Amino acid sequence: MTDAREQDETSLELSRAARRRAAAQRIRDDAPQEGVAIFRPVEQAVLVAIAPPERTRAQVEAGLDELELLLDTAGGSTVGRVVQRRHRPDVATFIGRGKIDELADLCAELGADAAIFDDELTPAQQRNLEERLGVKVLDRTIVILDIFAQHASSREGKAQVELAQLSYLLPRLRGWGEALSRLGGGIGTRGPGESQLEVDRRKLNRRIAKLRRDLEEFARTRRRKSAARFRRAVPTVALVGYTNAGKSTLLNALADADLHVADQLFATLDTTARKVPLPDARTIVATDTVGFVQKLPTDLVEAFKSTLEETTEADLLLHVVDAAHDDVDAQITAVEGVLAEIGADAVPSVLVLNKADVADDEAVAALRRRHPDAVVVSARSGEGVEALRARISKRVPAARRRVEVVVPYERGDLVAAAHDDGEIHVEEHRADGTRLVADVGLEAGRALAPYAVAGDPWVDGDEAGAQEP
């Protein structure tokens, strides 16, 4: 009897939840909708692109190939493609009137429930297309945002993705006539009142403001950790590159770690740091973060900017490239564009040609001719990983060196500098001054050199004095 009562209560609660969801939706399921919240799930889609004169057909098809991979990662499937040769997108519908009729017929014939465009659509274009086609209309940006939403796991990652989603959704809000108006009561207050559009926009703005405050707090925490690494003079290497180039696999090989690896786009979103030993007995910190892609949404770059700041502060970038990809140069260009956008293009870098075990030998040789300083590796098999360690060892700044000094008491500023810049192992107050044994960087080492007990390791080149951070 008790079980039956519990089942009745559960079904009642479910029905109440269903009623609340239905009331919150407010929009008919068959009405055209825009934005991040997709009430009708997309299962089969037709991909659409335009081909301006400056792009070849092969380049357009390569973009659609990538969009198909994005859709597959998001959980949908591709049933057809439409490409229109145009000088520029149509202001109202992106593609021409005749192509819209062709696309509508193709969607009906193939049973597609969505049309996905390879470029970002304006709110007006999206609305007009949905009204003409009768199916859901999406663009590359919303597909990428959906993938990020699926893969975000940390609090910061989820906040970054939500901020990007809401920034995308905000200009796409629109009213739905009088049904979304609030009627006032009393003399002078009757009329349409505040529309639901205005209410939703205000709610979104409040949420966006809160997310930005949260992300700033996350950024402050990260800066404190980075400052601690800087005080200990721990060199930092950041892995950057196109999505699915094998950055996480390479970090696993360098650090003997077990990070999540998947053969899919944007498998890694959250920044991960691991210690990597070098041949000269030093240890560095290598970080791996979100991969890049062509036409990466601006809102996404802005939302992840605090995370990507670690790239700008790194001592060295490892630009990981999928050497087996058909269009490697386009991927390299896309990554360099994003690095320039976030201000990391001035950071020293090493090009790493990954996946040498599956890449064509002639293609790798051609890449090496174009990029003679590149390092060829296979993160999966381990080929070339030790050569990459050696290259990193040559390119990252020298580690601290240990000094033993006796600092006069009137030079307390040097003792304070040693505390700020280095790591103190021994501090002893004697009659002739403060005796320190400390690991310090070059600048502090130069200042302390006149008081050194056993010479200046920076001048003498005492490699034994180089300390592991």
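**Close-up views of a predicted model**

**View 1. The loop that holds G343.** G343 lies in the loop between α11 (328-341) and β9 (349-354); helices (H or I, at least four residues) and strands (E, at least two) are DSSP runs, numbered from the N terminus. The model is predicted: local features need pLDDT of at least 70, side-chain atom pairs count only at pLDDT 80 or more, and totals for chains, interfaces and linings use all residues. Residues are numbered from 1 along each chain as its sequence is written, and side-chain values use heavy atoms, with hydrogens and water left out. G343 is partly exposed, its relative accessible area being 44% (buried means under 20%, exposed over 50%, partly exposed in between; 1.4 Å probe, protein chains only). Between the C-alpha atoms of G343 and E313 there are 9.9 Å, and the two residues are 30 apart along the chain.

**View 2. The parallel sheet β2-β1-β3-β4.** This open sheet has 4 strands with parallel pairing; two strands pair if DSSP finds at least two bridges between them. β2 (77-84) and β4 (136-139) are at the edges, each with a single partner strand, so one side of each has no neighbour in the sheet. Neighbouring strands are turned by 25 degrees against each other on average, direction ignored. Helix α2 (residues 57-74) packs on the sheet and touches β1, β2 and β3, its direction making about 155 degrees with that of β2. Contact means heavy atoms within 4.5 Å. Axes are lines fitted to C-alpha atoms, for helices over the stretch in contact, and angles run from 0 to 180 degrees between N-to-C directions. Strand β1 (residues 44-50) and strand β3 (residues 114-117) pair over 4 bridges in the parallel sense, and V46 stands opposite A115 in β3. α5 lies across β3 and β4, at about 80 degrees to β4.

**View 3. Packing of α5 on α6.** Helix α5 (residues 140-151) and helix α6 (residues 155-169) pack at about 155 degrees, with axes 9 Å apart. α5 is therefore roughly antiparallel to α6 (a term for angles over 145 degrees). T141, I142, L145, F148 and A149 of α5 meet V161, A164, Q165 and Y168 of α6.

**View 4. The antiparallel sheet β11-β13-β12.** The 3 strands of this open sheet pair in the antiparallel sense. The edge strands, β11 (401-407) and β12 (423-430), each pair on one side only. The twist averages 10 degrees from one strand to the next. β12 and strand β13 (residues 433-440) pair over 7 bridges, and V437 in β13 is the bridge partner of V426.

Key:
Angles under 35 degrees count as roughly parallel, over 145 as roughly antiparallel, 65 to 115 as roughly perpendicular and the rest as oblique.
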